[in-house]
Amino acid sequence: MSPLLRVESLGKSYGARLGCAEVSFDLWPGEVLGIVGESGSGKSTLLGCLAGHLAADSGRILYRGRDTRAMSEPERRMLARTEWAFVHQNPRDGLRMGVSAGGNVGERLMAVGARNYGQIRAAATDWLGRVEIAATRIDDRPRQFSGGMQQRLQIARNLVTGPRLVFMDEPTGGLDVSVQARLLDLLRGLVRDMGLSVVIVTHDLAVARLLADRLMVMKDGHVIEQGLTDQVLDDPQAAYTQLLVSSVLQV
Ligand SMILES: Nc1ncnc2c1ncn2[C@@H]1O[C@H](COP(=O)(O)OP(=O)(O)OP(=O)(O)O)[C@@H](O)[C@H]1O
Ligand SMILES: [Mg+2]
């Protein structure tokens, strides 16, 4: 078996300001990698580079052995459409607010070639059910939904095409605690059932504990510790990770 994603010495700056530097890791098929660290540590920069939303300055990103930084733009767009998914923290960034719930899900199927209206609507209905949105809401617009429902809809929209690799940036951020718990449960089930490989950014160690197999801790753009989630959280090696873990009551 070879890694799904291999990242070598990835770096990205914004002018004189460091985004991330010397980031290296492997992501294996079916694995969930959590990226944790304080605000400004470079988590979103790294995720953006991996997903191709941001142009890295240096290093290599090998997806199934192919360097995505060396791919043409159309090639990378095709990959993003067919094999990858990105779940944003803010559902507004990942949904089309003027399009119905069913349309939000269905148009992703059309983007990968589906044409039969009845089948698309049936698949959309099925996916709304999987994210616990009643079929009766299929023609409603996202703005008629609660924040938690919008986030579930964004997940349905992004997973309906059956991606292999999913990037998530704080998918439960900005939600009430009880809503977060339900969303986490749902995500956990989908990751397991679909066998997804995931890179998830979170500053919430409880989210990391629940979802991630392995953790990478970032500080000032650098990876300062990585390992199995339980190992990192129960026996942190770096002083910064110890501080991070001890600053939360219970994880
Ligand atoms: N568009 C940008 N222009 C200039 N600097 C940026 C830009 N985006 C991020 N940065 C800087 O890069 C560094 C890393 O930011 P990044 O957003 O990746 O951190 P983060 O870990 O995702 O933080 P947060 O937890 O707040 O989302 C920070 O110093 C930030 O100020
Ligand atoms: Mg961020």
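Predicted model: local features only at pLDDT ≥ 70, side-chain atom pairs only at ≥ 80, totals over all residues.
Colleague: What makes up domain 1 and domain 2?

Modeller: Domain 1 takes in 1–83 + 163–224, and domain 2 is 96–162. Their C-alpha centres lie 24 Å apart.

Colleague: How do you know that domain 1 and domain 2 are in contact?

Modeller: Contact requires heavy atoms within 4.5 Å. By that rule, 16 residues of domain 1 are in contact with 15 residues of domain 2. About 1300 Å² is buried between domain 1 and domain 2. Carbon and sulfur atoms give 69% of that area.

Colleague: Why is the pair Glu132 and Arg182 called a salt bridge?

Modeller: The rule wants a side-chain nitrogen of Lys or Arg within 4 Å of a carboxyl oxygen of Asp or Glu. In Glu132 and Arg182, the closest N and O atoms are 3.1 Å apart. That is within 4 Å, so the pair counts as a salt bridge. Between domain 1 and domain 2 the count is one salt bridge.

Colleague: Which helices each supply at least two residues of the side of domain 1 that touches domain 2?

Modeller: Helix H2 (73–82) and helix H7 (177–194) do. H7 gives the most to that side, with eight residues.

Colleague: How many residues of each class does the side of domain 1 that touches domain 2 have?

Modeller: That side has 11 nonpolar, one polar and four charged residues.

Colleague: How many residue pairs are in polar contact across the interface of domain 1 and domain 2?

Modeller: The rule finds two, both at pLDDT 80 or more. Such a contact needs a pair of N or O atoms within 3.5 Å.

Key. Residues numbered from 1 in each chain as written. Chains lettered and ligands numbered in written order. Heavy atoms only, no water. Domains from an automatic or database assignment. Buried area = accessible area lost by both parts, 1.4 Å probe. Polar contact = N/O pair within 3.5 Å; in protein donor to acceptor, adjacent residues only side chain to side chain. Helix = DSSP H or I, 4+ residues; strand = E, 2+ residues; numbered from the N terminus. Nonpolar A, V, L, I, M, F, W, Y, C, P; charged D, E, K, R; others polar.
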